[in-house]
Amino acid sequence: MKILIDENMPYAQELFSQLGDVIAKPGRTLTADDLVGIDALMIRSVTKVNADLIAKADKLKFVGTATAGQDHVDQDLLATKGITFTAAPGCNKVGVAEYVLSSLMVLGQQQDFSIYDRTIGIIGAGNVGTYLAKCLDALGIRYLLNDPLKQAEGDKRQFDSLERLLAECDVITAHTPITRGGEYPTHHLIDANFLAAMQPNAILINAARGPVVDNQALKQALQASVDGSGKTLTAVLDVFEQEPLVDLALLPLLAFATPHVAGYGLEGKARGTTMVFNSFCQFLNNDHHALASDLLPIAPIPQVQLSRQWDEASLFSLIQLVYDVRKDDGIFRREMLAAGDDNSKMATAFDLMRKNYWDRREYSAITVAAKAEFAVESLAKLGFTVVEVTQ
Ligand SMILES: NC(=O)c1ccc[n+]([C@@H]2O[C@H](COP(=O)([O-])OP(=O)(O)OC[C@H]3O[C@@H](n4cnc5c(N)ncnc54)[C@H](O)[C@@H]3O)[C@@H](O)[C@H]2O)c1
Ligand SMILES: O=C(O)[C@H](O)[C@H](O)COP(=O)(O)O
């Protein structure tokens, strides 16, 4: 059996080679010729699975995407061709939530505010939005949820309108798919009108899909903020409308800019690959089963000791021990500016940063040792591994 995998799919080579001959290629540049004689295709979001790509797929019977997002796959087309499709929903929800928390903690330090004084508006209460809400609950930080589809499905959680989020939230974070049809399309959901209606000194975070935010409108709003002719606005973008190309005029206006890596932690990638592998094994009706935890190395800082009740400052240190968004922001700006106006260099640099991304972990990779009275149960709810000590 021939299995074609995206070369940027960690652990895929070792897992799928148990099942057949593995061919690894760059996902963004796959062509129809690459699919000739291929039985199974394992991809990430940079591979657009459409009629052109599968035009010569004479043996294809399974497609798996090791990602939460599925907008890059024409699922109706695969269904009509009798090709089984699977994804990895929620595989990287933790990483994205920890990206949002790092961004807010660093902005709090830079702009001298406490995250406890902010109200977070979460647009999209699926895997990421729900996990982020869980983290905010653990910290006792107020948030509102907007998700009209979940609401219509009868989800019993409290949902609010976008108007209420705009009126009450000074942080807005988007966690929806990119959709252009249906009753609640998300394309340019955050447009000039939305931006104008945001609170003064508001923060916008987009770690969903680039086109959820109108990047031109955002650039104008941020420029107005900088030159004092508009409300003060802070923006963090992990995704861009034209990625792997980035508007160099937008870059300096952003507080943090990163190359679509919010969910790129090692655990998230390992979960994505193992979820697709296990689905494929079920499809093949064999008894292989992979566990992401079996694939992960020990974290470089496996344990920290708390010597006192934690507070926002020590929480900041703990969170930054695992992930500091400024690390990715700095590299991204340097590489994008070095590429300059050369689109080919920029696209290559964008993809190389993602392919060579560092071994970022999740809070769960760190053990926090502390006395019970240090209120560490909230750190455990936040995802840290907590062990109780007596001294
Ligand atoms: N930057 C990254 O690294 C990264 C990582 C994971 C996911 N993502 C993106 O974020 C999206 C969300 O991830 P997820 O795992 O939570 O997906 P999910 O499918 O579990 O949740 C998406 C939620 O958005 C809701 N939604 C859809 N349209 C909406 C609208 N118009 N208004 C409000 N809510 C709406 C859906 O009802 C659903 O509950 C993914 O589709 C993917 O595109 C990005
Ligand atoms: O949809 C997802 O899971 C995320 O956007 C993820 O970051 C995609 O990563 P990629 O497949 O582009 O490597």
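**Regions, sheets and ligands**

A: UniProt, in an unreviewed entry, places the feature "domain: D-isomer specific 2-hydroxyacid dehydrogenase NAD-binding" at residues 113-262. UniProt positions are given here in the numbering used for this model, feature names are shortened, and annotations may be inferred rather than shown by experiment. This is a predicted model, in which local features need pLDDT of at least 70 and side-chain atom pairs count only at pLDDT 80 or more, while totals for chains, interfaces and linings use all residues. Residues are numbered from 1 along each chain as its sequence is written, chains are lettered from A and ligands numbered from 1 in the order in which they are written, and side-chain values use heavy atoms, with hydrogens and water left out.

Q: What are the helix and strand percentages of residues 113-262?
A: The span is 29% helix and 16% strand, and its end C-alpha atoms lie 23 Å apart. Helices (H or I, at least four residues) and strands (E, at least two) are DSSP runs, numbered from the N terminus.

Q: Which other domains does UniProt place here?
A: The unreviewed entry gives "domain: D-isomer specific 2-hydroxyacid dehydrogenase catalytic" at residues 4-287. Residues 4-287 are 32% helix and 15% strand, whereas residues 295-383 are 52% helix and 8% strand.

Q: Turning to sheets, what is the strand order in the open sheet of 6 strands?
A: The order is S7-S6-S8-S9-S10-S11, with parallel pairing. Two strands pair if DSSP finds at least two bridges between them. Strand S7 (143-146) and S11 are the edge strands, each pairing on one side only. Within the sheet, strand S9 (residues 202-206) pairs with S10 in the parallel sense over 5 bridges, and Ala202 has Leu233 in S10 as its bridge partner.

Q: And the sheet of 5 strands, what is its order?
A: That open sheet runs S2-S1-S3-S4-S5, and the pairing is again given as parallel. Its edges are strand S2 (21-25) and strand S5 (84-86), each of which pairs on one side only. Neighbouring strands are turned by 15° against each other on average, direction ignored; the axes are lines fitted to C-alpha atoms, for helices over the stretch in contact, and angles run from 0 to 180 degrees between N-to-C directions. Strand S1 (residues 2-6) is joined to S2 by 5 bridges, and Lys2 stands opposite Asp21 in S2.

Q: Now ligand 1: which residues come nearest?
A: Of the 28 residues around ligand 1, the nearest are Asn127, Val128, Asp147, Tyr184 and Gly263. A residue is near a molecule or strand if one of its heavy atoms lies within 4 Å of it.

Q: Which helices supply at least two residues each to that shell?
A: They are helix H4 (127-139) and helix H5 (148-152). H5 gives the most, with 3 residues.

Q: What are the polar contacts of ligand 1?
A: A polar contact is a pair of N or O atoms within 3.5 Å; within protein, one must be able to donate a hydrogen and the other to accept it, and residues adjacent in sequence count only if both atoms are side-chain atoms. Oxygen atoms of ligand 1 lie 2.8 Å from a polar backbone atom of Asn127, 2.9 Å from a backbone N or O atom of Gly263 and 3.1 Å from a polar side-chain atom of Arg209. The protein covers 90% of the 840 Å² of accessible area that ligand 1 has on its own, with areas from the Shrake-Rupley method and a 1.4 Å probe; for residues, only the protein chains shown count as cover.

Q: What is the phi of His260?
A: His260 has a positive phi of about 55° although it is not a glycine. Most residues other than glycine have a negative phi, and most peptide bonds are trans. His260 is in the loop between S11 and helix H9 (266-284).

Q: Where is there a cis peptide bond?
A: A cis peptide bond joins Glu243 and Pro244, with omega about 15°. Pro244 is in the loop between strand S10 (233-237) and strand S11 (256-257).
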